[in-house]
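Hi,

Here's the structure I promised to pass on.

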Amino acid sequence: AGKDAHSVWITPDGKSVWVVNRLSNTISVVETGRDRVVRTIRKVGDKPDILAFSPDGSKAFVTLRGKAATGDPKLLSGSEPGLSVIDVPTGKVIAKVKLGGDPHGVGVRP
């Protein structure tokens with residue numbers, strides 16, 4: 001549903017699959033029961049990359065790429081390295097945490 005689908009996670013309740021689209025700067029939400037896109041979350045940030053959910057499924061945390069660490073111009077680079085926090089029920093970005101470097105992963109634990 002978007003360009004350059006990269007990271008895929010199932011929500012903790014198993015009701016949907018979230019797909020991060022790096023070149024569209026969006027997330028496609030696929031309902032597992034109907035196997036179709038039911039929502040597109042826009043304005044996630046520049047070059048969203050990897051996502052993880054809070055254990056209760058209320059928040060999603062999505063890394064935003066920075067300048068490619070190797071300096072290779074062929075690698076994907078973004079302009080705002082950090083982390084977007086999304087309220088899962090509403091699909092709205094509720095916070096952005098600025099980070100340095102090129103975040104390429106996120107882990108969440110209880």
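Let's start with S16, which is found in strand 2. (Helices, H or I with at least four residues, and strands, E with at least two, are DSSP runs numbered from the N terminus.) This is a predicted model, so to speak for local features we need pLDDT of at least 70, side-chain atom pairs count only at pLDDT 80 or more, and totals for chains, interfaces and linings use all residues. Residues are numbered from 1 along each chain as its sequence is written, and side-chain values use heavy atoms, with hydrogens and water left out.

Is S16 buried or exposed? S16 is buried, at a relative accessible area of 12%; buried means under 20%, exposed over 50% and partly exposed in between, with a 1.4 Å probe and protein chains only. Its side chain makes a polar contact with the side chain of W18 at 3.5 Å (a pair of N or O atoms within 3.5 Å; within protein, one must be able to donate a hydrogen and the other to accept it, and residues adjacent in sequence count only if both atoms are side-chain atoms).

Now for the neighbouring strands. Strand 2 (residues 16–21) pairs with strand 3 in the antiparallel sense over six bridges; pairing takes at least two DSSP bridges between two strands. V20 has I27 as its bridge partner in strand 3. Four residues separate these strands in a hairpin, where N25 in the turn has a positive phi of about 60°.

Strand 3 also pairs with strand 4 (residues 36–41), antiparallel over five bridges, and S28 stands opposite T40. Five of the six residues of strand 3 (residues 26–31) are buried, so this strand is largely enclosed by the rest of the structure.

Cheers
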